[in-house]
Amino acid sequence: MNKYKRITLDGLIFQNPTFMLVLGTCPTLGLISSAMSAAGMGLTVVVILTLSNILISLMRKLIPNEVRIPCYIVIIATLVTLARMFLEKFVPDLYDSLGGFLALIVVNCIILGRAEAFANKHNVLESAVDGLATGMGFTCALTLMGIICEFIGKGSVFGLHIMDFKVGMFATPAGSFLVYGMCIALFTYVINLFERSKRVKANKLARENLLREAD
Amino acid sequence: MATFIAIILSAVLTDNFITVKTYGICPFLGVSKKTSSAVGMGVAVTLVMLIATLVTFPVYWYVMKPLGIDFLEIIFFIFIIASIVQMLEKIIQKISPSLYNTMGIYLPLITTNCAVLGVTELFLNDLSLPGDIVLDSATMNLGWAALYALFAGIGFTLVMVIMSGMREKLNYYKTPKAISGFPIAMVTACFICMAFMVFKSITIGG
């Protein structure tokens, strides 16, 4: 059970694809000007990433090592095509707001990265958990930045009007870059603080043990 | 003539791939630490974008559309791009080892570059340009598409070079530990984007 907890925490926080690894930046910067499209993108990626991790993990013994990347790309491209048809039919609003970035999920480094780094070495359940956790890490990060950008840039959150004051720059790519950069800085700072306090605690414990042994 | 100028202006300035469309951010942030590598990456991306458009455009309009398999375009395009990149790498390695050393190392990275897939997907729908010119399926042809792809690549290279110049200068200044690396690069990119927002006001003709 501890293993799944570690995979989940890694995906959500310690190897968060958006803040720690800085992968999949194109859809992030393109879509965080609106919280709704950011969350929609994130959830689409969760579904595709989980399914691709499961499929690749199932086929990891069948796929020859030399041609693994083309095989992964075919699997991912098929899933993206299916997702695009599904969204066009059932959620046309989201389909329109995602625009060209829906097709570009194919070349999203997160999905290929997880396939290459995780799914081809682990069993199906672990890969599914990893896909879900990494995808949720991506979704949370995107939604958080989407809320910030939309609140400052358009004075609304998820399309709900909140205030009349707005700074238009934050609804453009320039504002997205600024918010993304500052969020990475803050996240790194907090993680560093957390790790430092853990290290301090460990050092203190070690010293106490030493003292006790000396006694 | 108006279309010609509109395509160049749109591809390089008003709809720049990095600063307006935010395609191809991974190489923009990853390979922009030195000007020489930024130029190498930019030229490689421009070349692949141009060749990919020259191949995918006819394949889509003259093969996939008549056969009714245009819904498979993502799978086809990504395969065409991957094969072009592989082929180019082999050809450059054979013809000019010195060029391979400066540019070839960036080629494998380009397969998973949004800018290349993005530019090939761009010509499947109507394309609106500054000056209220719209290229729809009747007026769009291979020449316009190739021109757009070439100048989109040039616009990409332009922003890459500006960014790498600014990052080289940034090396001389001390930044706090938390914002060094990606965050300060993104703040720099924010200023470049703000500068490019000015070009939105370009109009053509009357």
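In this predicted model, the largest nonpolar core contains 110 residues. Four residues have the most contacts inside this core: V106(A), M49(B), V116(B) and L117(B). Among the secondary structure elements, α8(B) gives the most to the core, with eleven residues. Leaving aside residues up to four places away in sequence, V116(B) touches V45(B), V48(B), M49(B), A52(B), I81(B) and I110(B). One of these partners, M49(B), is itself among the residues with the most contacts inside the core.

Helix α8 of chain B, which spans residues 142-170, also meets helix α1 of chain B, residues 2-14. Two packed helices are described by the angle between their axes and the distance between the axes. Here the axes come within 7 Å and cross at roughly 35 degrees, and the crossing is right-handed. On the side of α1(B), the contact is made by T3(B), I7(B), I8(B), A11(B), V12(B) and L13(B). From α8(B) come W144(B), L147(B), Y148(B), F151(B), A152(B), I154(B), G155(B) and L158(B).

Turning to chain A, its secondary structure comes to eight helices and two strands, arranged along the sequence as α-α-α-α-α-α-α-β-β-α. The C-alpha atoms of chain A fill a box of roughly 70 × 55 × 25 Å along the principal axes. Of the 215 residues in chain A, 43% are buried. Among contacts in chain A between residues at least 6 apart in sequence, 75% join residues at least 24 apart.

How values were computed:
Residues are numbered from 1 along each chain as its sequence is written. Chains are lettered from A and ligands numbered from 1 in the order in which they are written. This is a predicted model: local features need pLDDT of at least 70, side-chain atom pairs count only at pLDDT 80 or more; totals for chains, interfaces and linings use all residues. Axes are lines fitted to C-alpha atoms, for helices over the stretch in contact, and angles run from 0 to 180 degrees between N-to-C directions. Helices (H or I, at least four residues) and strands (E, at least two) are DSSP runs, numbered from the N terminus. A crossing is left-handed if the near helix is turned anticlockwise from the far one by less than a right angle, and right-handed if clockwise. Two residues are in contact if their C-beta atoms, placed from the backbone, lie within 7 Å. A nonpolar core is a set of buried Ala, Val, Leu, Ile, Met, Phe, Trp, Tyr and Cys residues joined through C-beta atoms within 7 Å. A residue is buried if 20 or more other C-beta atoms lie within 10 Å of its own, exposed if 12 or fewer, and partly exposed in between; C-beta atoms are placed from the backbone.
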